[in-house]
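Visitor: I'm new to this one. Could you walk me through it?

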Number of protein chains: 2
Amino acid sequence: MVPHLTTALSGPLLSLEKRMLSDIPKIEHWFRSQWLEYASPFYASVDLRNSGFKLAPVDTNLFPGGFNNLNPEFISLSVQAAQVAVEKVCPEAHHLMIIPENHTRNTYYLRNVVELVTIMKAAGLDVRVGTINPEITEPTTFETHDGQKLLLEPVVREKNRVKLNACTVDGVDLKAFDSCAILLNNDLSGGVPEILKDLEQDLIPPLHAGWHVRRKSQHFAAYNRVVADFSKLLEIDEWLLNPYFETCGEIDFHARTGEYCLALKVEELLAKIKIKYAEYGIKQDPFVIVKADAGTYGMGIMTVKSPEDVRDLNRKARNKMSVIKEGQQVTEVIIQEGVYTFESINDAVAEPVVYMMDHFVIGGFYRVHTGRDVDENLNAPGSHFVPLAFEKPCTLPDCTGQPDTVPNRFYAYGVVARLALLAAAIELQENDPLNH
Amino acid sequence: MVPHLTTALSGPLLSLEKRMLSDIPKIEHWFRSQWLEYASPFYASVDLRNSGFKLAPVDTNLFPGGFNNLNPEFISLSVQAAQVAVEKVCPEAHHLMIIPENHTRNTYYLRNVVELVTIMKAAGLDVRVGTINPEITEPTTFETHDGQKLLLEPVVREKNRVKLNACTVDGVDLKAFDSCAILLNNDLSGGVPEILKDLEQDLIPPLHAGWHVRRKSQHFAAYNRVVADFSKLLEIDEWLLNPYFETCGEIDFHARTGEYCLALKVEELLAKIKIKYAEYGIKQDPFVIVKADAGTYGMGIMTVKSPEDVRDLNRKARNKMSVIKEGQQVTEVIIQEGVYTFESINDAVAEPVVYMMDHFVIGGFYRVHTGRDVDENLNAPGSHFVPLAFEKPCTLPDCTGQPDTVPNRFYAYGVVARLALLAAAIELQENDPLNH
C-alpha cells in the first residue's frame, strides 16, 4: 500500500520527476563526484514533504531513531551499507558500543535500538549497548513493545575511554568490553555529557553532529548550495526542491523580545512564497513553519499563515515554543516555508521519511497521521503516527513506467533525501573543530 | 523452498557452521582486513558443493552469466553493490559499454545480459551493449526466453578505443557511444579478440581475468593460501573447506601422452582423500574430477573413481576431454578432489552458486538437476538445470537459530564463496602484467 497523492500529479513535480528519470546517469554521476569530495555521515534520516508541486526535505536527523519502521524484507540493504560504512570509518574494529537515547520508556525507540544492533551485528561487529542514563546503574534487560529483549549496560569511564564492565546476565558471563568505535544514537540535545567528553575512542557520528552544536539554519544554508548546483545540472527551478527560510536570533518567547524580527521575517517569507505560488498557479494559502533552530523531536514548532499569528502569541503558545527537548531554552528560531503534505492514505496525511546508511538509501517509511492537517508537522510529541514501511527500495526506478509510479516516486524521494544528506556532510565538515 | 540435505547435518559441517556463527565478528573483521590489502574483482560467481561433511568451492567465474537466476526481490542488493564497485573502479564514468558472450542463441544467457543492464543502469550509468560477434554487423534486437528485448550493437574500433556508432532503432535515434569503462561479460576463452587488444579504455574485469590466461590450478593454489589463513583463524581443519588438487601439464588426449602422469596423480589424490574419509568416518567412495585447467562451461570434465578410469579412455571420452569452449585444445588438466552434493530437492541434486559484486554477496541460486548423480558436475553442456533462486540474502545469519537453519546455511555459503573470491583477487593481482 502506498499513499495516494491527493493532488493530481500533473503540475511542476511531474515534470521534475520526468526530468530526474531521464537524467539518472547524470544525477548519479554528480552524486558520485560529490561523495569523492565529502565524507557521508555514517547514517541519517530525512523527513520529506510532498505537495505534488514541490518535494522538499524539512528535517535531517543524524541520529535516526526509526530503523524499526523500515521494511524488514530489505534489512539486508542496511547490512550491506553498514559494511561499507564500517570499512570507511573503522575497518580495524572488532567491537562496537552503541550508545542510545536515555528515554528507556519508549518501547518503540528501544525496538529501533534492537534493529540497529541486529544490523551492526550482521555487518560483522561484536555489538553491546552502553547507556549513559544515570538511572541505570547495572546491566538491565528491557523489553520492546513486541517482546524483544534489549540489554542496556551502564557505561563506565576509565581515563580517556568508556567501557562496559564484565557482568553476568541470565547466567551468561559477559566479558569487559572496550571498543575502539562507539556508535551514537543519542542526539546530544542536552549538550555533551561529561562522560563522553575528550574520549580517545572514535565517536560515530562525531560529537559536533549533536544538536547542541547543529543549527537547522546551517543545514539549510548548506542545502541551498547543494540544490543550487543540482538544479543547474538538471536545469530546473531550485524552488521545487528547496523551501525558503530565514532565521531570527535573540528570541525570548517569555520576555516577548524578538517578536518584531519574527513577524517581519514571516511577512517577507510569505510574500516570497506568494510570488512562487502565483508563478505555478498554486491556489493554496502559503504558510511558514517556525521552529527552534537547534530543535529536534518536533518540539517548539508552530504553523504560521500571517505575521499576526506570531505577534499575539498567548501564554500557552509561548510556553510551547520556548522549551525543547531536555529542557533547552529556545533563543534562535528558523522560519521555513511550509510545504503541504498532499500524500494521504484513507484520509490520513502521510509524510515520507527516507533512511540512509553511508551514502546509500536503504529504505524509508511514511508517517501516517490521522489527527493532523496537511500543513502541520507530523513529527511532534504526542504525534502518534503509524509507520508504513516503503514497500520497495528507492534505487530501482522504472524508466519505462510513468513518472508517478511507485518505484519512480521512491527514486525521487531518494534523490532529494541524498541532497539533504550531502548538505549534512558539508555542514559536518564545516563544523568540524579540527578544521578551525 | 530450500534443498534438503540428505545427510543429516550432524558431522563435521555442523560443527564448522557452529564455529562460523559464533565467530562472525572475527570472520568479518578478517575479511575487512583482507579487502584492505586486495582489490576485489568487479563481480564473480562461485559454484559450491555441499556434502554435509564438507563445503567447498569448485569453480570461480569472473564473468558470471546467471544474474537472471537471482531472486528479483533482492536485485537492490546488486544495485547497491554495483554502486560501490563503480565508485572504486570508474567513479568518473557516465557511460558503460557491456560486451557479452557471442552466443546469441542462448536466450537465457541474453536474459542474464538484460538483468546486468538493469542493475548497471539502476546503479546510475548510461548503459549500451556492444557485441564483438562478427555475425552481428548492425544493431539488432534479440528477444529473451521471457519476451524481454535486448539491443546488441556491433562494436567498432577507432584507434585505441572501441565505440558504438550512432544509429536509429525502432524510430529512436541513438547517439554515438564512447565509454571510458567497458564491462566484460565475455570470458575470453578463445583468447583476446583483436578488437579488444591495446585499448586505452578501462576493461572491467581486466583482460588477464580471461580464461585464455587463467588456470584453475592457479586459482586453487591461491585458495590454498587463503583457506590456510582462515582455518588458522577459526582453528578448524582446512580440508573441510578445501578440496585437494593436483595438475598434469603436457597432456594430449588424442596422442595418449600424459596418461601416466594423470593416473599417478589420481591414485595419489584418492589415497589422500581416503585417509581424510577414514578420519571423519565417511562411508562414501572417494572420487576426483579431472578437468581442463583453463576450462569453463563445464566442458572437458570427467568423474574418476580409480586410476584405471583414466588409463583406458575410449575414443569418445578422449574426444570429450580434449576440446573445450571455442575449440581450444586441452593440454593441461587439474585433478581435483570430488565433493559429493548431498543437497537435493525432490530427488534432484542441487548445487549452490553464490553471486558477488565487488566483495559483497548479493545472492545466489541452486542448480537443480534431475538427470545427474551426486558425484557429477552440474554445470555441463546440455546440463538443463533448473535454477532455484536463494530465498533470502546470505548476510543475515540468525545466531539464535540452529546452525542448519536456512539463513545460517546461506551465511556459510557466503563465507566460503568470499574465500574463493579472495583467492581470485590474489590470483588477479599476481597475474597482472603491470606487476611483472
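Visitor: Let's start with strand 17 of chain A: how many of its residues are buried?

Guide: Bear in mind that this is a predicted model. Strand 17 of chain A covers residues 333–337 and is mostly covered. A residue counts as buried if 20 or more other C-beta atoms lie within 10 Å of its own. In strand 17 of chain A, the buried count is 5 of 5.

Visitor: Which residues point one way from strand 17 of chain A, and which the other way?

Guide: Both groups are buried. A:V333, A:I335 and A:E337 point one way, and the other way go A:I334 and A:Q336.

Visitor: Which residue is the bridge partner of A:F245 in strand 17 of chain A?

Guide: Look at strand 14 of chain A, residues 245–248, which runs antiparallel to strand 17 of chain A, with 4 bridges joining them. Within strand 17 of chain A, A:F245 has as its bridge partner A:Q336.

Visitor: And what is the bridge partner of A:V290 in strand 17 of chain A?

Guide: This time it's strand 15 of chain A, residues 288–292, also antiparallel to strand 17 of chain A and joined to it by 5 bridges. A:V290 is partnered in strand 17 of chain A with A:I335.

Visitor: Now for the two chains: which helix supplies the largest share of the side of chain B that touches chain A?

Guide: In all, 26 residues of chain B are in contact with 26 of chain A. Helix 2 (24–37) and helix 3 (75–89) of chain B each supply at least two residues of that side. The largest share, 8 residues, comes from helix 3 of chain B.

Key:
Residues numbered from 1 in each chain as written. Chains lettered and ligands numbered in written order. Predicted model: local features only at pLDDT ≥ 70, side-chain atom pairs only at ≥ 80, totals over all residues. Contact = placed C-beta atoms within 7 Å. Buried ≥ 20, exposed ≤ 12 C-beta atoms within 10 Å, placed from the backbone. Pairing = 2+ DSSP bridges.
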